[in-house]
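Thanks for coming. I have one structure to show today, and I will keep this short.

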Amino acid sequence: MARRGKKKGRPVSGWVILDKPVGMGSTDAVSKIKWLFQAEKAGHAGTLDPLASGMLPIALGEATKTVPYVMDGAKVYRFTVAWGEERSTDDREGPVTKTSDKRPSEAEIRAVMPKYTGVILQTPPQFSAIKIAGERAYDLARDGETVDIPPREVEIGRLDLVEMRGNDETVFEIECGKGTYVRSLARDMGRDLGCYGHIAELRRTEVEPFTPDDLVTLAELEAAADLPKSGEADEGKAEPRSFSALDALLVETGAALEFLPSVAVSDDAATRIRLGNPVIVRGRDAPVEAEDACATARGKVIAIGAIEGGMFKPRRVFS
């Protein structure tokens with residue numbers, strides 16, 4: 001008996017800039033979006049904890065090739081620190097491990113904030129995706145192990161105090177680089193202030209180069225998919241009934257590369273590039289040298305590569 005082939009899905013490409021709800025994990029969000037779009041492949045650019053809400057860029061199809069560039073982009077978070085308790089997870093999900101009756105004043109908080117801007121050393125939380133001897137730190141922590149996670153350099157562009165909510169909570173906004181743990185920041189500030197602290201609320205508002213205007217909710221995506229309603233005959237097929245409205249909500253693949261030098265090429269040159277061949281860069285506005293650049297044809301990105309010696313040399317091509 002012939003073996004039935006696995007369904008591949010649609011060759012759809014682009015970015016879904018999901019406004020992830022609290023309670024949903026990043027992996028579950030990717031699975032949901034992949035199913036809604038019936039996409040061949042999908043991946044996300046930067047994990048958000050289930051406790052956190054906000055911007056989770058999800059790449060479909062060819063856009064997965066641009067994920068590393070989005071991962072390296074700056075992020076903006078708005079978060080609330082609850083003072084007086086430190087918790088095992090450094091957020092409100094874990095059990096309390098330390099307590100204090102002390103509460104910091106606004107002046108005390110502002111006095112320690114400069115310590116947490118610029119390039120700093122930060123120790124990731126015990127419950128994090130950092131790998132220790134080949135295992136995820138959160139798996140070891142769930143087994144009751146306390147692991148020694150070495151500190152690492154992260155960059156924080158700015159840290160602003162937004163609001164004091166009485167004595168118990170403070171709202172901040174942070175712009176930071178890749179690898180920064182906001183939970184670690186809350187923990188470390190609480191220790192410095194002698195009162196302990198943990199994350200009570202966390203929302204990611206931006207991931208460069210995307211903006212809040214790009215955000216789309218699950219409800220909006222489900223409405224665009226025209227999912228079968230309860231009781232209808234085709235219920236249970238587990239497939240959206242429309243893709244045109246869904247696809248209209250995608251952000252173009254090339255949007256992730258807007259900050260890279262770009263060179264426009266002819267159709268003939270595009271064919272050569274797609275075959276992996278270098279082409280001569282023409283035009284007075286073309287970059288002379290660039291370690292990372294993209295080539296476009298008819299306004300669409302066709303490859304990522306380098307510009308060396310007056311030539312564009314492709315590294316990754318787009319179909």
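This is a predicted model: local features need pLDDT of at least 70, side-chain atom pairs count only at pLDDT 80 or more; totals for chains, interfaces and linings use all residues.

Let me start with the cores. The largest nonpolar core has 47 residues, and those that touch the most other members are V16, I33, F37, F79, F172 and M189. Helix α1, residues 26–37, supplies the largest share of this core, with five residues. What does I33 touch? Leaving out residues up to four places away in sequence, I33 is in contact with V16, L18, I58, L60, L218 and L221. There is also a second, separate core of 16 residues, with V263, A270, V281 and I302 among them. As background, nonpolar side chains in soluble globular proteins tend to be buried together.

Next, the strands. β16 and β17 run antiparallel and are joined by six bridges. One of the residue pairs here is A306 with K313 of β17. The two strands form a hairpin with two residues between them, and in this hairpin G309 has a positive phi near 55 degrees. β17, residues 311–317, also pairs with β14, residues 279–280, again in the antiparallel sense, over two bridges. There, I280 has M311 as its bridge partner in β17.

Last, the second largest pocket. Its volume is about 300 Å³. Which residues lie nearest its centre? They are S13, G14, E62, T253 and S319, out of 18 lining residues. By type, the lining divides into six nonpolar, six polar and six charged residues. Strand β16, residues 300–308, gives the most to this lining, with three residues. So much for the pocket.

Technical notes: Residues are numbered from 1 along each chain as its sequence is written. Side-chain values use heavy atoms; hydrogens and water are left out. On a 1 Å grid over the protein atoms alone, a cavity is a set of points where a 1.4 Å probe fits but cannot get out, and a pocket is an open set with protein on both sides within 12 Å along at least five of seven lines; lining residues have an atom within 4 Å of a point. Grid points are joined across faces, edges and corners, and a volume is the space filled by probe spheres set on the points. Helices (H or I, at least four residues) and strands (E, at least two) are DSSP runs, numbered from the N terminus. Ala, Val, Leu, Ile, Met, Phe, Trp, Tyr, Cys and Pro count as nonpolar, Asp, Glu, Lys and Arg as charged, and the others, Gly among them, as polar. Two strands pair if DSSP finds at least two bridges between them. A nonpolar core is a set of buried Ala, Val, Leu, Ile, Met, Phe, Trp, Tyr and Cys residues joined through side-chain atoms within 4.5 Å. Buried means under 20% relative accessible area, exposed over 50%, partly exposed in between (1.4 Å probe, protein chains only). Contact means heavy atoms within 4.5 Å.
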